[in-house]
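Dear colleague,

I am passing on the structure we spoke about. My notes on it follow below the entry.

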Amino acid sequence: MLPVLARLALLTLLPLAGVPAAPPREFRYQNPISAGLDPHGVRDCQVFRDGARWYLTATVWPHWPRQETTGATNPGVVLYSSEDLLQWKFERVIVPAPGPDRWYRMRFWAPEIHHLKGRYYATFNCSNPALGFPGQHFGYAVADSLLGPYRVVTADQPLGSGNDFTLFEDDDGAVWAFWNRGRDFGIGFARVDLEKAVLLGEPRSAILPGALEYALNPDGSPAMEPGYDGRPQRQVGRAHAWDSIGIEGAYVIKRSGTYYLFYSSWTRGYEIGYATAPRVTGPWTKAPANPFYGGQSEAACRKNHLAFSGRGDPSPFNQVGHNEVFTGPDGRCWLSCHGILQARPDQPMLVIDPLDFDANGRIIPKSPSHTPQTILLP
């Protein structure tokens with residue numbers, strides 16, 4: 001028979017008879033997520049983890065010029081925090097909109113925050129037509145801590161023209177900028193010197209939109225339609241691919257030696273695709289299974305002469321896109337983006353889901369979840 005002390009030691013190593021083991025830890029969520037966020041809705045949501053918390057920045061109301069009817073304009077780059085990805089707390093406006101004498105006066109579309117080289121960089125895309133900066137131009141601010149204070153490095157002039165400016169740091173420490181440069185250039189990229197606020201070399205095109213056939217008037221002139229929300233008029237096109245009308249929302253990660261460039265298109269609603277490359281400079285190859293995630297609008301498909309394939313899909317979303325990638329509660333890569341419900345077209349909300357890869361590094365297509373989800377945690 002074992003001595004008493006030995007028997008006590010053994011009992012501490014064995015589960016007590018009749019006592020069930022502790023259940024596995026779980027993370028439960030349901031899209032879309034809006035608790036604590038701007039009640040008017042948030043677009044272009046970037047979730048990122050810093051320490052034990054998650055943070056979020058996004059395009060906040062008013063999102064469009066048509067919503068500026070009361071004279072209100074976008075307040076700047078906002079920051080939210082959360083302990084569980086479900087309940088969000090407004091922290092502060094880390095880059096406030098300045099007076100009318102600065103180029104970054106309005107819009108503050110698609111802001112992001114990147115932790116690079118021990119500092120925090122807040123990127124933004126703005127306009128000020130009164131000073132000769134129509135459309136969107138991009139710049140950034142820097143801080144030593146996430147909550148700031150931030151100093152706008154590009155206060156005097158923007159870093160470049162375009163929209164959806166994002167940053168990526170490669171293994172060698174070089175920082176690269178990616179952004180939307182319009183239909184003819186697609187997603188452009190260039191190396192950037194963050195200290196001097198200059199692009200190093202001429203921007204190059206990474207990927208272009210899909211094929212588009214332009215429509216003509218009876219007299220042979222180009223058929224034109226108004227651009228959306230203050231953008232110049234654009235030619236009417238017949239789309240030949242899901243990403244023909246335009247691409248935007250670039251975001252870059254590196255995984256298992258492969259570079260992934262995410263992008264979105266509004267051709268059929270709002271959907272997400274990706275391209276891969278062996279180096280950050282390319283060549284970039286679009287994935288054949290694109291789009292891998294998103295929502296379709298029957299009206300957009302009809303307008304752009306593409307088949308609507310969502311009739312059998314019970315999803316309540318007709319737009320889900322402009323993604324970023326963050327570390328989720330289970331340690332995997334997750335998507336953060338905005339989703340728009342068919343029943344609530346003017347209120348975009350946060351949508352998150354795990355990002356799954358197959359054995360060959362290809363992203364596994366899925367529909368945005370909208371029912372209760374349970375994720376087992378390690």
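The accessible surface of the protein is about 17,600 Å², and carbon and sulfur atoms hold 54% of it. Please keep in mind that this is a predicted model.

Overall make-up

The protein has two helices and 27 strands. The C-alpha trace spans about 105 × 50 × 45 Å along the principal axes. Of the 378 residues, 52% are buried. Taking contacts between residues at least 6 apart in sequence, 52% join residues at least 24 apart. There are 35 positive and 36 negative side chains, and the centres of these two sets are 2 Å apart.

The largest nonpolar core

This core has 21 residues, and those that touch the most other members are F27, V47, L56, L85, W88, L350 and I352. Two or more residues each come from strand 1 (26-29), strand 2 (42-50), strand 3 (53-60), strand 4 (76-82) and strand 26 (344-354). Strand 3 gives the largest share, four residues. Leaving aside residues up to four places away in sequence, F27 touches D84, L85, L86, P329, W334, I352, Q373, T374, I375 and L377.

Backbone points to check by eye

Two peptide bonds are worth a look. The one from W61 to P62 is cis, with omega near -5°, and P62 sits in the loop between strand 3 and strand 4. The one from G148 to P149 is also cis, with omega near 10°; P149 belongs to the loop between strand 8 (133-143) and strand 9 (151-152).

D44, in strand 2, has phi near 55°. Its relative accessible area is 8%, so D44 counts as buried, the cut-off being under 20%. A110, in strand 6 (residues 106-116), has a positive phi of about 45°. A110 is buried as well, because its relative accessibility is 1%.

Q319

Q319 lies in strand 24 (residues 317-327). With a relative accessibility of 23%, Q319 counts as partly exposed. Beyond residues up to four places away in sequence, Q319 touches G269, Y270, G295, H338, G339 and I340. Its C-alpha atom is 9.1 Å from that of P345, which is 26 residues away along the chain.

Regards

Note on methods. Residues are numbered from 1 along each chain as its sequence is written. This is a predicted model: local features need pLDDT of at least 70, side-chain atom pairs count only at pLDDT 80 or more; totals for chains, interfaces and linings use all residues. Side-chain values use heavy atoms; hydrogens and water are left out. Buried means under 20% relative accessible area, exposed over 50%, partly exposed in between (1.4 Å probe, protein chains only). Contact means heavy atoms within 4.5 Å. Accessible areas come from the Shrake-Rupley method with a 1.4 Å probe; for residues, only the protein chains shown count as cover. Lys and Arg count as positive and Asp and Glu as negative; His and the chain ends are not counted. The place of a charge is taken as NZ of Lys, CZ of Arg, CG of Asp or CD of Glu. A nonpolar core is a set of buried Ala, Val, Leu, Ile, Met, Phe, Trp, Tyr and Cys residues joined through side-chain atoms within 4.5 Å.
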